[in-house]
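Subject: Structure handover

Hi,

Here is the structure for your files. Please open it alongside this note; the findings follow below.

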Amino acid sequence: MTVALMWEARAAEGRGAELLEWARARAAELAREPLRGELLRAPQDRVLVLTWWDAEYDDELPELPEPEAGLISRPVHRWRFESLGPAVG
């Protein structure tokens, strides 16, 4: 089974680039390497990290921590999904 973890945070005012680099560094430090990982950004200085794992849905998996309070404007959002395969093709 493939499990996808999503981690999304919104930077504090003026700290978008810093949050992006923080997330990139933490993703590189995960306790083990995911099958795939991707770093994305969106308006309002939002940062999204997606990782895919060969694991069961409830397995314990390495996740990015919560950044220091001054770096983010709200708590991190986290989601876990089971992959059902390609949507197209």
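Strand 1 (residues 2-10) pairs with strand 4 in the antiparallel sense, over six bridges. Strands pair if DSSP finds at least two bridges between them. Helices (H or I, at least four residues) and strands (E, at least two) are DSSP runs, numbered from the N terminus. Met 6 stands opposite Trp 79 in strand 4.

First, the ground rules. This is a predicted model: local features need pLDDT of at least 70, side-chain atom pairs count only at pLDDT 80 or more, and totals for chains, interfaces and linings use all residues. Residues are numbered from 1 along each chain as its sequence is written, and side-chain values use heavy atoms, with hydrogens and water left out.

Next, the aromatics. There is one aromatic pair (Phe, Tyr or Trp rings, six-membered ring for Trp, centres within 6.5 Å; planes under 30 degrees apart are stacked, over 60 edge-to-face, the rest tilted). The rings of Trp 7 and Trp 22 have centres 5.8 Å apart and planes at 25°, so they are stacked. Trp 7 is in strand 1 and Trp 22 in helix 1, so the pair ties together parts 15 residues apart in sequence. Both Trp 7 and Trp 22 are buried (under 20% relative accessible area; exposed is over 50%, partly exposed in between; 1.4 Å probe, protein chains only).

Best wishes
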